[in-house]
Amino acid sequence: MNEVKWLDSAVFYEIYPQSFKDSNGDGIGDFNGIIEKLDYIKDLGCTAIWMNPCFDSPFLDAGYDVRDYYKAAPRYGTNDDLKHLFGEVHKRGMHILLDLVPGHTSWEHEWFRQSCKAAPNPYTDRYIWTDNTWEAPEGMNALIGISERVGACGVNFFSHQPALNYGYYRPDKPWQQSMDSPGAKATLEAMKDVMRFWLNAGCDGFRVDMAHSLVKHDEDSKGTIALWQDVRAFLDREFPDAAMVSEWGEPDRSLQGGFHMDFLLHFGPSHYNDLFRCEHPFFGGGGDASEFVKAYTANREKSGGKGLMCIPSGNHDMTRLAKYIHGGRRKIAFAFLLSMPGAPFIYYGDEIGMRYVEGLYSVEGGYERTGSRSPMQWDDTPNAGFGTSPADKLYIPLDQSPDRPTVRSAQADPDSLLNEIKKLTAVRAAHPALQSRGDIEFVYCVKNEYPLAYVRKDGGEAILVILNPSDREVSFPFTEALGKSIYTYGAPAAQANGSVTVKPQTAGWYLI
Ligand code: GLC
Ligand code: CA
């Protein structure tokens with residue numbers, strides 16, 4: 001498998017296209033708006049972009065319900081506008097991943113319309129159908145009574161997202177197809193065509209939605225891993241430079257499947273929320289990081305010590321970090337995010353401490369996620385500089401608080417989170433030990449105690465990271481001599497008698 005070199009030092013910025021920048025005043029963000037802000041993203045120190053789905057869709061799940069994989073959603077622009085965006089990204093030496101949703105389509109997709117017909121046709125087996133209208137596929141929700149065809153169709157997520165058929169690992173019912181049945185194989189080939197189309201158009205790879213979910217009855221993921229290995233072989237042949245990042249959360253499996261990196265998920269067993277989003281988060285100053293470190297270390301060991309789990313500051317599916325972590329502690333949280341292995345992902349707006357907007361009605365299937373998807377706040381002009389539409393035309397209402405943060409005010413304040421993140425990304429860029437592939441060894445992490453300390457290593461370089469978001473001065477045993485500090489927030493650490501002491505609410509990265 002080809003290594004994709006730029007991933008090693010990548011820092012990603014996640015763009016939710018509908019909420020980033022509206023260039024034509026219709027209330028919805030668009031490709032040209034993103035182009036206007038590429039210099040801003042680059043200046044932040046981000047080298048790559050993950051853009052949420054931007055394809056034609058009825059938008060019942062914000063675009064994760066694709067109606068046409070080959071067509072940019074008109075509200076964002078044309079396919080040519082999207083290619084123009086790729087070009088502008090590349091001109092700046094950056095890269096961009098599209099969001100591939102291979103597990104399901106919208107129920108408005110032409111494949112699904114054909115699949116609902118009683119008369120056999122090339123799409124009859126494109127989705128998972130039982131042979132009895134009253135019997136849903138085991139373990140799945142289903143669409144029933146919506147088709148001329150006899151049968152129930154399994155859904156992957158919301159009811160309007162019928163599950164594409166990649167086969168069952170161990171079929172045990174007549175309607176369950178094997179992975180090498182013609183229908184399952186045709187689905188996979190169709191998805192490769194989609195990838196081919198956008199890679200030829202100039203994107204650099206994909207973030208893959210629910211990558212673990214494709215083959216059914218596949219508890220150990222053996223079938224799904226084999227499926228992705230097939231995709232990997234195709235990419236190695238035709239697009240060896242394409243980068244693949246999975247939403248899977250099990251790097252031992254996803255990396256075997258040929259993904260370069262996997263996301264650390266905020267749900268499941270990761271304990272990510274212990275750090276950022278719970279009643280007493282570790283970075284809030286009164287929580288515990290030890291369960292997170294345990295789960296993280298176990299995952300790393302399972303994947304052969306490869307540091308390729310991407311930790312996000314947030315994303316379009318979770319509450320914003322700013323809800324739980326306040327003031328200078330946000331800087332300490334970013335000193336963590338930007339010194340961990342795997343590529344860090346900064347969710348748009350987190351760099352200025354954008355808030356979770358409470359009390360919104362659900363927009364386009366957002367439900368409680370809607371409050372994390374509000375328009376980006378650029379400046380003090382109307383609509384916070386997001387766009388010139390009437391306020392009631394905005395895709396999602398803006399944060400109405402009079403003191404809402406903006407990019408312009410953050411840029412003007414030397415002590416802002418934004419300016420701190422710029423320092424952090426610059427130092428990360430200069431030190432391979434801090435980047436994706438560098439080793440990590442936790443040197444101090446005790447239940448309910450502070451600080452958290454770990455050493456990052458690559459080649460001859462070793463860097464000690466110390467994070468103390470608590471209000472206490474704390475110490476931990478450490479005998480190696482601390483060298484030059486390459487980043488500090490607050491007072492620097494002091495070393496005496498085999499231990500290191502750090503002041504309350506400080507962070508530091510030290511050469512050792
Ligand atoms: C992923 C996406 C989420 C979407 C779901 C269904 O988890 O991140 O936003 O609703 O998949 O596609
Ligand atoms: Ca627009």
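How do H11 and H13 lie relative to each other? Let's find out in the viewer.

This is a predicted model, where local features need pLDDT of at least 70, side-chain atom pairs count only at pLDDT 80 or more, and totals for chains, interfaces and linings use all residues. Residues are numbered from 1 along each chain as its sequence is written, chains are lettered from A and ligands numbered from 1 in written order, and side-chain values use heavy atoms, leaving out hydrogens and water.

**Stop one: the helix pair.** Select residues 329–337, helix H11, and residues 417–430, helix H13. Helices here are DSSP runs (H or I, at least four residues), numbered from the N terminus. Their axes, lines fitted to C-alpha atoms over the stretch in contact, with angles from 0 to 180 degrees between N-to-C directions, come within 10 Å and cross at roughly 20 degrees. H11 and H13 are therefore roughly parallel (angles under 35 degrees).

Now show the contact (heavy atoms within 4.5 Å): Arg330, Lys331, Phe334, Ala335 and Leu337 of H11 meet Leu417, Glu420, Ile421, Leu424 and Arg428 of H13.

Stay on H11: nine of its nine residues are buried (under 20% relative accessible area, 1.4 Å probe, protein chains only). Arg329 and Phe336 are among them.

**Stop two: the calcium ion.** Select ligand 2, held by Asp22 (OD), Asn24 (OD1), Asp26 (OD), Ile28 (O) and Asp30 (OD) at 2.2 to 2.4 Å. Donors are N, O and S atoms within 3.2 Å of Ca; water is not among the atoms, so the site may look incomplete.

Click Ile28, which is buried at 14%, then Asp26, partly exposed at 34% relative accessibility (between 20% and 50%).

Conventions. Helices (H or I, at least four residues) and strands (E, at least two) are DSSP runs, numbered from the N terminus. Donors are N, O and S atoms within 2.8 Å of the metal (3.2 Å for Na, K and Ca); water is not among the atoms, so sites may look incomplete. Angles under 35 degrees count as roughly parallel, over 145 as roughly antiparallel, 65 to 115 as roughly perpendicular and the rest as oblique.
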